[in-house]
Each structure stands twice: as C-alpha cells, then as structure tokens.
Amino acid sequence: MKFSAPRGTKDILPEEAARWQWLEAQFREQCRLYGFQEIRTPLFEETELFARSTGEETEIVTKQMYTFTDRGGRSLTLRPEGTPGVVRAYLQSGMADKGGVQRLFYFGPFFRYERPQAGRFRQFHQAGVEVFGTDGPQMDAEVIALLLDFLKSLGIEGAVLKINSTGCKVCREAYREALRKALAPVLDQLCEWCQERYKGNTLRILDEKRPSCRALFGDLPSILDYLDEGCKEHFAGLRAQLDLLKIPYEIDPKIVRGLDYYTRTVFEVSQPGIGAQDALGGGGRYDNMVEEFGGKPTPAVGWAAGVDRILGALFDQKKNKDVEEFLLQIRRHHAYSLSPKVFIVNIGLEARRYILPLLNALHNAQISAIDDPLGRSPKTQMKEAAQRNCRWAVIIGENESRQGIVKLHDMESGSESDINRDNLAQELRKRLAEEKKATTE
Ligand code: HAM
C-alpha cells in the first residue's frame, strides 16, 4: 500500500460509524430538549480570528494550528476549536442584532497539530454548545447540566465535574501579580515553559504538569481569594444552582484552561482511569469576545466535548462489562443497523433482469435491500445473507423468473413461500407491520 492516513487522523469504518451516528443522535436529542439550534460554520477561517480570541500566547495558536496561505494570498487556518467561528457567525449573520438569548450547538471535526497519543488526535471531533445574551450563573449551570445529561444519555458513568472562576479582567490582574510574587523566588529554577508563561499569561503556569516544577511551586495563592465582589457572587450563584440541580462538583482553583478568552466560570468534565487524556469536555464563560470582535457587549458561555475521547472511554468502560450487548442495543434501532432487511439471491442471467426493479420497489416501500451483483453460487449468496443478518432472502432463479414469482425465505424460521413478484414489497410491508405489532403488544 502506497498511502496511509496522515499521522493523528483515523478512518471511521462502517462498524464504528454506527456508534458515531448513535452518539450524534443522543447529542442532538439533548440539544433539542434544551432548546438549542444547530449552527455549521466553515472548517477554516481567517488565521487572525483565532489569534485574536483563542489567544496569541496559547499553545493552540503558537504551536498547534494548521495554517496555510491560499492561492489568493490569504492566511487561513483549519479551525482548532469552535467558539471563535461561532461568535463570528453570530455577529456576521445579524443574529446578534435580534437581542434576547441565542442557544446554539455544533458537531464536527477540528484540527490541532498535537503529538498524537491515546485520546489525542490531529483531526478530532467536538460536540459543543454556545449561548449568547445572558450573564447570570443560571445559564452556566444549565449548560453544565446539558453536558452531563448528554454524557448520561450515552451511559457514561463516573464522570467528574470540576469548576472554578477565573474572575474578570480586574481580579485576574490582581491574582496574576500575586502569582508572580509567589513564583519570583524560584523563577530561575523553573523550566523554560514556565518562565515563558511567567512573562505572559502567568495563570497558565497552573497547568504545569512536570513534578520538578510543581515541587518548586509550594503553596501558590488561589484565584478564589482574589475574586472581587461581583465575581465572588457569580461563582456562589453557580454553586447554588448546581446544588439545586443536585449535580456533584469539585472546586479546583487550578483549572485555568488552555484558552485565553475565559471570564468567571470555567469547568471541565473528566473520566478518571481512561489515561492521561481524561478530559471529556470543558468550557466556560467568555463575556468579552463578542465585543472584541466588534459587536455590542454580549455575555456568552459554552463548552465542547471530545467525541473521539468519549467513544473511547465509553467502549473501554463497556468492554469490561458487556460490550456486545451494548452494541446490539444500538443496532436494534434500525437507523444504526448494518443489516439490510432483504438479500436478493439471484441465480442465472434471466433472473438478473428483475433485480433492479425488485430492489427499486423495496427501496420505495422503505425496505432496505441489497443483491449480489457478482452472481455467485446460491450457497455463497445465502451465506452472505446470513452473515449480514438479513431478515429475509428473496430467491429468484430461472423458474421463478418465468413464472413471475420469487421465493421468500425467512432467515429466522427457515420457512419459504412463493410470492408474486409484483406483490413482494407489499407482502414484506405487511409482515414488518405484523412483527412490529407483535413486539409492542
Ligand atoms: P478545549 O478544552 O480545548 O475547549 O476542547 C474541548 C474538548 O475537546 C477537550 O476536553 C477534549 O475532550 C477535546 N479535545 C481537544 N483537543 C483534542 C485532541 N487533540 N484530540 C482529541 N480530543 C481533543 C474548546 O475547544 C473550547 N472551544 C470549549 C468552549 C466552548 N468554551 C466555550 N465554549
């Protein structure tokens, strides 16, 4: 083979695609319940859009973007995250002018040039939501509840919610000063990465994982001690709402997240035990971005969840239990079934004349059906019908062709009956309706 998928990307093959469709359907259903509407933005945007919002100093912008110059000389970037594009579209489309609260969701691929490892890819997928127009902590709790309901609808167990407040510009600056003061005595012993952060977005130092640096940190001040009255009240409001919803959470003052735009609430949901990349989703409030993009001051809050990681966690988790049963449950729903209802077994050239009209009649009657275009032996065709778990085999040979009939073979009971060729679709619809009635009675 001459080619393989680029490093950090993967193919989603039919077997796995059924799980993806199922996950997306659960996400859409939760969004529908919460009154969110879908938005689809381009996969690439002007590079400047991300530099200005995600943050000039963030790892995403400095190291991870897929940036290219197009033939017209424009600098474009494959979207590394969804929030800036959604804000741009919200403003550009005039949605912002409508006022009120806009609740949006998205689902699709994103791109970051990261070192691939379990749970981390260069093309990955996010399910995300963004809400514009309300600054109260109630919406923060509502979007968190939506994330947890989504994970619950997938059967994810044991996910941990961590929350924090990064305050507003004013309290963050006071905290930054305190942090710099606390770190100054050990600064020259810290790694290069920490020293860079110290100069710029000092709060990101809290993300440092190297034990050698962490040991030097000692007891760092907590941002929660630096919140001003408004931010303190907002954070208390969020906790009160989560308590009312009986949503368990941990307060973790070290959560700052790797993007620059957050104000006040930030949160992460992780799944302990799935490996180093255990963040299933994260988000927070970004009350300044709309204004920074030239809109009226508009508060906003949202999150994104990593679909590749969620499916990994889910199927690893279920593997320990009963993954086969779980997959069966998904497949039982016809939308995710990999099995056509009907397999047309054709024998001889004469029979082949009738295949397409038969398939067409079945498809028009909403019955999934395939044939064997290779015209292999009847035994091989029957074997394939069984392997594919088809409900019926429809056999058409020379005799049947001449008589205008087909043999309907029930793959479950093994019984066979002759059916007039023109009545096949009708007969199968009748049988499907009877089966449905029997299972619901
Ligand atoms: P983020 O924390 O950068 O936030 O990404 C959200 C989630 O996407 C992560 O928790 C993780 O599950 C998944 N993810 C990120 N990078 C990768 C990767 N390389 N491979 C696999 N999964 C990955 C954002 O993107 C923000 N836009 C969230 C947000 C929306 N904040 C406000 N609104």
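Buried means under 20% relative accessible area, exposed means over 50%, and partly exposed lies in between, with a 1.4 Å probe and protein chains only. By that criterion Ser-165 counts as buried, because its relative accessibility is 1%.

Good morning, colleagues. The model before us is a predicted one, in which local features need pLDDT of at least 70 and side-chain atom pairs count only at pLDDT 80 or more, while totals for chains, interfaces and linings use all residues. Residues are numbered from 1 along each chain as its sequence is written, and side-chain values use heavy atoms, with hydrogens and water left out.

Let me stay with Ser-165 for a moment. Ser-165 has its place in strand β7; strands here are DSSP runs of E with at least two residues, helices are runs of H or I with at least four, and both are numbered from the N terminus. A polar atom of the Ser-165 side chain lies 3.2 Å from the backbone nitrogen of Gly-167. Which residues does Ser-165 contact, once its neighbours within four places in sequence are left aside? They are Ile-223, Leu-224, Leu-227, Phe-235, Arg-264 and Thr-265, where contact means heavy atoms within 4.5 Å.

Phe-235 takes us to helix α9. Among the buried residues of α9 is Phe-235, together with Cys-231, His-234, Gly-237, Leu-238 and Leu-242. Seen down the helix axis, the buried residues of α9 fall within an arc of 155°, so they line one face of the helix; the arc is that of the directions from the helix axis to the C-beta atoms. On the face turned away from this buried side, α9 carries the exposed residues Glu-229, Glu-233 and Leu-244. The cover over the buried residues of α9 includes α5 (137–153), β7 (160–165), α6 (169–183), β8 (250–251), β9 (265–270) and β10 (279–285).

As to its dimensions, α9 spans residues 229–244, 16 residues in total, and reaches 22 Å from first C-alpha to last, close to the 22 Å expected at 1.5 Å a residue. That expected span is 1.5 Å times one less than the number of residues. Just after α9, Lys-246 takes a positive phi of about 55°.

I turn now to the sheet that holds β7. An open sheet of 8 strands runs in the order β1-β5-β6-β11-β10-β9-β7-β8, with mixed pairing; two strands pair if DSSP finds at least two bridges between them. Its edge strands, β1 (37–38) and β8, each pair on one side only. Strands β7 and β9 run antiparallel and are joined by 6 bridges, and Ile-163 stands opposite Phe-267 in β9. Helix α4 (residues 83–92) packs on the sheet, touching β5 (102–111) and β6 (123–132), and its direction makes about 45° with that of β6. Helix α5 also packs on the sheet, touching β5, β6, β7, β9, β10 and β11 (300–306), at about 15° to the direction of β11. Axes are lines fitted to C-alpha atoms, for helices over the stretch in contact, and angles run from 0 to 180 degrees between N-to-C directions.

There is also an open sheet of 3 strands, antiparallel, in the order β2-β4-β3. Because β2 (44–46) and β3 (66–69) each have a single partner strand, one side of each is left without a neighbour in the sheet. Strands β3 and β4 (residues 75–78) share 4 bridges, and Thr-67 stands opposite Thr-77 in β4.

Finally, β15 (residues 405–410) and β16 (residues 416–420) pair antiparallel over 5 bridges. Their hairpin has 5 residues between the strands, and Gly-414 takes a positive phi near 85° there.

Terms used. A polar contact is a pair of N or O atoms within 3.5 Å; within protein, one must be able to donate a hydrogen and the other to accept it, and residues adjacent in sequence count only if both atoms are side-chain atoms.
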